[in-house]
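Hello,

Here is the structure for your files. My notes on it follow below.

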Amino acid sequence: MKQLILENKRVLLRPLEMEDTDSLLEVSLEPEMWAVGSTAIRDRAELERYIQTALAERERGESVPFTIIDKQNGRIAGSTRYAAISSQHKRAEIGYTWIHPDFQRTGLNRAMKFAMLQYAFEVWGLNRIELKTDERNEKSRNAMLGIGCKQEGILRHHMVTWTGHLRNSVYFSMLREEWPDVRQRIFGKYDF
């Protein structure tokens, strides 16, 4: 899946590459995106390390990182990935998603999640998709509920963030048997 490309009318998710550094740098330097994140990208060196880590995970089969492109304007909007891949248990996480504020609340994230969920359940044949976020990230929590995910619980002091904060992580999931209803009920009104 190293060269996996996901696409619909609104979004193009193509494999993340080191060559994306310059384009992603401007997007990644928006401090608002990292206010409640587990990590932060504050300069070119941090972005390069972030991409190198993602690419190493891809080589080991642990994740599938993407560059997000908004097809309405042809601009790079951020990055996301399938992570924590367990082939044995047929599950993966959709995470490490960061989208510049200019693209938030535009429908781009919803189109991206649709493409990723559709592929995960209909092509890849996964049984479960997981998502998680910082307990303090209301925007992200509401977005996950808005795409039909179910909140499962909160792992207390789950992570230490880049600021030293002890993060409580809220876990969400969607199961393969839930997907047909979610696809029709939540995503059916959109023309992706």
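Which residue forms a salt bridge with Arg81, and how far apart are the closest N and O atoms? The partner is Glu57, and the closest N and O atoms are 2.9 Å apart; a salt bridge here is a side-chain nitrogen of Lys or Arg within 4 Å of a carboxyl oxygen of Asp or Glu. Arg81 sits in strand 4 and Glu57 in helix 2 (residues 44–59), 24 residues apart. Helices (H or I, at least four residues) and strands (E, at least two) are DSSP runs, numbered from the N terminus. Arg81 is buried at 2% relative accessible area, and Glu57 is buried at 14%. Buried means under 20% relative accessible area, exposed over 50%, and partly exposed in between (1.4 Å probe, protein chains only).

On provenance: this is a predicted model, in which local features need pLDDT of at least 70 and side-chain atom pairs count only at pLDDT 80 or more, while totals for chains, interfaces and linings use all residues. Residues are numbered from 1 along each chain as its sequence is written, and side-chain values use heavy atoms, with hydrogens and water left out.

8 strands form an open, mixed sheet in the order 1-2-3-4-5-6-8-7; two strands pair if DSSP finds at least two bridges between them. Strand 1 (6–7) and strand 7 (150–160) are at the edges with a single partner strand each, so one side of each has no neighbour in the sheet. Strand 5 (residues 91–99) and strand 6 (residues 128–134) run parallel and are joined by 3 bridges. Ala92 stands opposite Ile129 in strand 6.

Other salt bridges. The structure holds 19 in total. Lys132 and Glu93 form one of them, at 2.9 Å from N to O. Lys132 is in strand 6 and Glu93 in strand 5, so this pair ties together parts 39 residues apart in sequence. Glu93 is buried, with a relative accessible area of 8%.

Two single residues. Ser79 is in strand 4 and is buried at 1% relative accessibility. The Ser79 side chain reaches the backbone oxygen of Phe66 at 2.8 Å. His165 lies in the loop between strand 7 and strand 8 and is partly exposed, at 29%.

Regards

Conventions
A polar contact is a pair of N or O atoms within 3.5 Å; within protein, one must be able to donate a hydrogen and the other to accept it, and residues adjacent in sequence count only if both atoms are side-chain atoms.
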